[in-house]
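Here is a friendly walk through one protein chain, from its overall layout down to single residues. Keep the sequence and the 3D view open while you read.

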Amino acid sequence: MRVLLSVLFLSLALASPVAAGPPRFVTETDVDPPWTGCAFAAGAMWLDDIGEPAVRWQTVARRASSPQNGATIGEIAEALGDLADRRIRYSPGGGDDLTWRALVERLRDGAGAVLFGSYGKIGEPYIRWDRRFAARDDDGHAVFLDRLSADGEKVFLMDPLGRGGYRGEWVPLKRVAAFAWRHPDGFVFAIAARPAPPP
């Protein structure tokens, strides 16, 4: 009986979807024609991370906002919801208000996140993809955060401006904290999936 139960649990474990590293990297730099799409690219990585197909992502993203004006976090969440066929909550004001500490705990629990912030504040060498953009006052940007390091001091960050074989990198958590936009109430601007319950 004990052997049968062991075989059953092993079979269930093998059949259950298990995250195999970070999601597929999506860059905003190869869209033709070129357009500002960091939030859309980060959103596509988030969809992949939660196991949703992102085949129609560019179409939905284009519908959500014009290339010139970008999109609000609410519009991004709505576009993601169209693809995932469910309401996507976000912070702040979208039903999932998160402080920086709460976001870090969500990452520690295995969730991925789209995080909005100021590109220039993450500093060197992480602004190497576009130093002119980093120097601007309107340097709003979105990145995908995948997971924390074992010591909790770094986060695996996937920057949509990356290219040429880039697939993400470990960035000190304090650098990402400096990057993050914060609402006057202290909440970060983020879309953070809750990890799926264990089978």
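The report below starts with the whole chain and then turns to particular places in it.

## Ground rules

The model is predicted, so local features need pLDDT of at least 70 and side-chain atom pairs count only at pLDDT 80 or more, while totals for chains, interfaces and linings use all residues. Residues are numbered from 1 along each chain as its sequence is written, and side-chain values use heavy atoms, with hydrogens and water left out.

## The chain as a whole

The protein chain holds 7 helices and 5 strands, in the order α-α-α-α-α-β-α-β-β-β-α-β along the sequence. Both kinds of element are DSSP runs numbered from the N terminus: helices are H or I with at least four residues, strands are E with at least two.

Of the 199 residues, 47% are buried. Here buried means under 20% relative accessible area, exposed means over 50%, and partly exposed is in between, using a 1.4 Å probe and protein chains only. The accessible surface comes to about 11,000 Å², and carbon and sulfur atoms hold 54% of it; the areas come from the Shrake-Rupley method with a 1.4 Å probe. Among contacts (heavy atoms within 4.5 Å) with a separation of 6 or more, 62% are between residues 24 or more positions apart.

## Two helices side by side

Helix α2 (residues 38-49) packs with helix α4 (residues 73-84) at an angle of about 35°, and their axes are 11 Å apart. These axes are lines fitted to C-alpha atoms over the stretch in contact, with angles running from 0 to 180 degrees between N-to-C directions. On the α2 side the contact is made by A39, F40, G43, W46 and L47, and on the α4 side by I76, L80, L83 and A84. By class, that contact has 8 nonpolar residues, 1 polar and no charged ones. Nonpolar covers Ala, Val, Leu, Ile, Met, Phe, Trp, Tyr, Cys and Pro; charged covers Asp, Glu, Lys and Arg; the others, Gly among them, are polar.

## The nonpolar core

The largest nonpolar core has 57 residues, and W46, W100, L103, L115, L145 and I191 have the most contacts inside it. Helix α2 gives the largest share, 9 residues. Such a core is a set of buried Ala, Val, Leu, Ile, Met, Phe, Trp, Tyr and Cys residues joined through side-chain atoms within 4.5 Å.

Take L115: leaving aside neighbours within four places in sequence, its contacts include W100, L103, L145, F179 and F189.

## Loops and cis peptide bonds

The loop between α4 and α5 (100-108) contains R86 and P92. R86 is partly exposed because its relative accessibility is 44%, and beyond four places in sequence R86 touches I50, E52 and G81. The peptide bond from S91 to P92 is cis, with omega near -5°.

The loop between β1 (113-118) and α6 (131-134) holds P125, and the peptide bond from E124 to P125 is also cis, with omega near 0°. D130 sits in the loop between β1 and α6; D130 counts as partly exposed because its relative accessible area is 28%. Beyond four places in sequence, D130 touches Y119 and L161.

The C-alpha atoms of F156 and P22 are 8.5 Å apart, although 134 residues separate them along the chain. P22 is one of the residues that F156 touches, and others include F144, L145, R167 and W170.
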